[in-house]
Amino acid sequence: TGALPPPAAMAEKLRDLSQPIDVPVLDATVAAFYGTGSKEERSAADLILRDLQNNPDMWLQVVHILQNSQNLNTKFFALQVLESVIKYRWNALPVEQRDGIKNYISDVIVQLSSNEVSFRQERLYVNKLNIILVQVLKHEWPARWTSFIPDLVAAAKSSETICENCMAILKLLSEEIFDFSRGEMTQQKIKELKSSLNSEFRLIHELCLYVLSATQSSELIRATLATLHAFLSWIPVGFIFESPLLETLLKFFPMAAYRNLTLQCLTEVAALQFGDFYNVQYVKMYTFFMLQLQAILPPGTIPNAYANGSNEEQAFIQNLALFFTAFFKNHIRILEASAENRAALLVGLEYLIGISYVDDTEVFKVCLDYWNVFVLELFEAHNQMEPAIPAVSMIGLQAQMIPGVDGTGTAVHQRRQLYASPLSKLRMLMICRMAKPEEVLIVEDENGNIVRETMKDNDVLVQYKIMRETLIYLSHLDHEDTEQQMLKKLTKQLNGEDWSWNNLNTLCWAIGSISGSMVEEQENRFLVMVIRDLLNLCEITKGKDNKAVIASNIMYVVGQYPRFLRAHWKFLKTVVNKLFEFMHEMHPGVQDMACDTFLKIVQKCKRKFVTQQVGENEPFVSELLTNLATTILDLEPHQIHTFYESVGHMIQAESDNTKRDEYLKRLMSLPNQKWAEIIGQAGQSIDILKNQDVIRSVLNILQTNTSVATSLGPHFFPQISLIFLDMLTVYSELVSSTIAEGGPYASKSSFVKLLRSIKRETLKLIETFVDKAEDLPHLGKQFVPPMMDPILGDYARNVPDARESEVLSLFATIINKYKAEMLDDVPRIFEAVFQCTLEMITKNFEDYPEHRLKFFSLLRAIGTHCFKALIQLSSQQLKLVIDSINWAFRHTERNIAETGLSLLLEILKNFQASEFTNQFYKTYFLTIEQEIFAVLTDSFHKPGFKLHVLVLQHLFCVVDGLTEPLWDASTVSYPSNAMFVRDYTIKLLGASFPNMTAAEVTKFVDGLLGSRHDLPSFKNHIRDFLVQSKEFSAQDNKDLYAEEAAVQREKERQRMLAIPGLIAPSELQDEMVDS
């Protein structure tokens, strides 16, 4: 119907539901909504349809619409209305209305599916009706519709199309109950439905077997296999192993049309586990399956078959991966137990290795996950026998076990021999397909050019982590084989027989990733060859792109082996000079990677550069400082900063003060000359600072200073003293006045942005120094007074848009460092920043995000270290503080909310211990409780759960210690504060959750008071309440369990530390070794 949407009168007619709705008009309205008409027509139709959907009587019109409309969209609209009634109001409807809907839906389904033509034509409509029927079943079955399954099975036997649709309904039912039920139904209800399905499954089972043996209709067979697939994971096992089901499935497996569905069913069976009861059946199933598989798809052809296959054939190979990984995960032990099954087992592993070479990420992920489990298990058995001690040379697995000494020893040894060949092929697989590590910045783009990486790909990083672990276990299982395969592949790169960017990359990434897993002697031998070959390769290969790829690989490998470089000065020197060479290489990414690698190596080997090595005339750092200007000639400013930070690390390793200061002076001479020149000219005329290039130089000089301060720490003192006062002058007088002259819009212009970045960098430099100068409080203290007016005063005087948020974080750092010594300065800080910042951030939750977080961090520093200063505030000021904290934890931005909550906890504890406890809690207890409950029960605030719980626990425990009443004594009276809080909380929650009964709320509050001294049960109590109150239902609740997850992670880290190489040597903190 192409009719235009109805004018106002027609709309009124539709909205009047006292008589049967006018279906043609409704059709026209729906058509207008989905149509291509004007925007106005669409939104008018949308409005009418929304009104109808929200009308509580609309569902009574559904049957009338379904019977009279021919338009599929209109029918869907009617069914949507019906579905929401069934979901939310079903139990409130009178019995006859419920039965009416039930019977009507069942009848329409039977009528449409009994006839092949209508069933195929109306497929979408029937599917939607099936979904609605299952929604009804969730309420009615088994209690009020006991005969449902027998009725369904009986109907199915009457015609093939009805049978096909019954299969679809059963599949939906199984998925609803077993897959999607969490958070939708109560645990009790799910249990009841599961046991009903289990007890009536015999009928369904018989029906499936009957269909598979009797029908010729391929649609029906496919529907039946799909339904079985949904049921196999939970049905009683007898139905699988003590019936012809498995034979039937294996009979369908060779047929191309059913191959994928059958394979999915077999995978479900393979994934089941219940002791050794059905081992014989599993072995039979596997051997029979393997015979058939070899006829369908010979091993060795898999990657090609995938690359040239149809969608069906590709899906088949993907399903094969799922089948093998499921079967081996659960039943590999049965296959390896007897000699006659081992051949079939090895063929299966051969297939899985073949599938692992398929060029598809999803398929590879499935295989990789299994290989990781498989290799880890072999490694752990081997590791219990002979722990991986990196100190003993060459213990590899070459050491033959003495057979018969100990039964388990021989068993472990036999397994390792059984799997020696697949493990060797796995090493090759990991080396050929190694994922890119994070440090590598040079990649090939889709046009085949070598470019600098622009975005980190998280999937690749996760994959790298799993592959690296797997390769380390493989390496521990046989160091010799690992080393041989890598060196053989490297030789083929050198002689050009196997040369390609990808082959060299994956090989070098693999070499870098096993760092730390070899014994030192072997590692030294291996690396001498690797680095020598790579440097040769760099010499003999022509072409810019080729050189860039080789350079990135050399840099990656050397960055992974600090232990080797520390032990071999000649190599270390060669490598660093090679990096200096790369710093002149204009290829994108190469210079960045050279600077990053230089920093990484210096951090691990810094003492080597300040001690005079054998055969050298002076320490390396001195030679470096002499040639500094030429080395950094071609670098960009940000690369120069990294370079300066690296040299800072070297200088920091020098223990002689005079030498150290001398090196620092030489390092800073270039920037200091430039600085003196600019300050001198500015002294004569301030206008020089209006020149953009001059301002850029100033910024660059400040950033260089910050980089050195980062690595040099307290020893940066002589340099910062040199420039400190000039820097403050530039900050307040020159920059701020220029910004002020520009008028209100100045803060948006690019020149002013540049001037502001100077202010920011100045603050960052001071903050970095104060932060690092921890053992020298007097140093930092002498910097604070001169900063008060130029920085704090300037903040207060500026317009909001020109205030630097870094001022807040700088003072937070100062207070965190100098703690109570800053007490006298707090009022001054408060006065300058508090009121004016609050005005900026309390208009909404979005503006000035940086100021927000830093403001609350500053407040937290004051609350923690200068609590006395808070007590001295006037009551108006204190109220402002508490209000601003409440404001903080209402943010959905996680960092701000967490800072607010932690601060609140600290202030609460401090007040509890002070003499103002009663006053404070009397004023703020109820407000805080109410605010915390508001965020606790708001699902946007789930990540704050742990802190919400701690604040509530504190409030409920503090009640007992208060000596004055929390209630208003003039109007009511309570026996104790605890009773008052109980009463208040019940009222508060009762009003907030009208859907919960008074008894439920009371039970929850009593439970809270009862468990307040036991955090775990207090927390579980709240979790249950949140799920019960339906605030958090049917969503992801993992945030409520975040703490438990953190404990798990720490355990995993301890496990990794125990296995050499699992945590890369370049990530370990190893100051001691570098001597």
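**Figure 1. Lining of the largest pocket.** The lining residues of the largest pocket divide into 12 nonpolar, seven polar and eight charged. Here Ala, Val, Leu, Ile, Met, Phe, Trp, Tyr, Cys and Pro count as nonpolar, Asp, Glu, Lys and Arg as charged, and the others, Gly among them, as polar. The model is predicted: local features need pLDDT of at least 70, side-chain atom pairs count only at pLDDT 80 or more, and totals for chains, interfaces and linings use all residues. Residues are numbered from 1 along each chain as its sequence is written, and side-chain values use heavy atoms, with hydrogens and water left out. The largest pocket has a volume of about 760 Å³. Of its 27 lining residues, Met434, Lys436, Val460, Asn502 and Trp509 are the closest to the centre. Two or more lining residues come from each of helix 21 (361-385), helix 23 (420-433), strand 1 (442-444), helix 24 (458-477), helix 26 (501-513) and helix 28 (544-560). Helix 26 gives the most, with six residues. A pocket is an open set of points on a 1 Å grid over the protein atoms alone, with protein on both sides within 12 Å along at least five of seven lines; a cavity is a set where a 1.4 Å probe fits but cannot get out; lining residues have an atom within 4 Å of a point. Grid points are joined across faces, edges and corners, and a volume is the space filled by probe spheres set on the points.

**Figure 2. The second largest cavity.** The structure holds four cavities of 30 Å³ or more. Helix 45 (residues 894-912) gives the most to the lining, with four residues. Four lining residues are nonpolar, five polar and two charged.

**Figure 3. The bend in helix 35.** Helix 35 (residues 657-684) bends by about 55 degrees at serine 669. A proline, proline 671, follows within four residues. The bend is the angle between axes fitted to the seven residues ending at a residue and the seven starting there. Helices (H or I, at least four residues) and strands (E, at least two) are DSSP runs, numbered from the N terminus. At the start of helix 35, a side-chain oxygen of aspartate 656 reaches to within 2.9 Å of the backbone nitrogen of threonine 658. The buried residues of the helix are Arg660, Tyr663, Leu664, Leu667, Met668, Pro671, Asn672, Trp675, Ile678 and Ala682. Buried means under 20% relative accessible area, exposed over 50%, and partly exposed in between (1.4 Å probe, protein chains only).

Figure 4. Cysteine 508 is in no disulfide: the nearest cysteine sulfur, that of cysteine 538, is 11 Å away. Cysteine 508 counts as buried, at 1% relative accessibility. Cysteine 605 has its closest cysteine sulfur in cysteine 595, at 17 Å, too far for a bond. Cysteine 605 is buried too, with a relative accessible area of 0%.

**Figure 5. Lysine 138 and its partner.** Lysine 138 is found in helix 8 (residues 123-140). This lysine is buried, with a relative accessible area of 8%. A polar contact of 2.7 Å joins the side chains of lysine 138 and glutamate 176. A polar contact is a pair of N or O atoms within 3.5 Å; within protein, one must be able to donate a hydrogen and the other to accept it, and residues adjacent in sequence count only if both atoms are side-chain atoms.

**Figure 6. Two residues with positive phi.** Most residues other than glycine have a negative phi. Lysine 819 has a positive phi of about 40 degrees. This residue is found in the loop between helix 40 (805-818) and helix 41 (826-841). Lysine 819 counts as partly exposed, at 40% relative accessibility. Tyrosine 848 also has a positive phi, near 50 degrees. Tyrosine 848 lies in the loop between helix 41 and helix 42 (849-865). Its relative accessible area is 25%, partly exposed.

Terms used: A disulfide is a pair of cysteine sulfur atoms within 2.5 Å.
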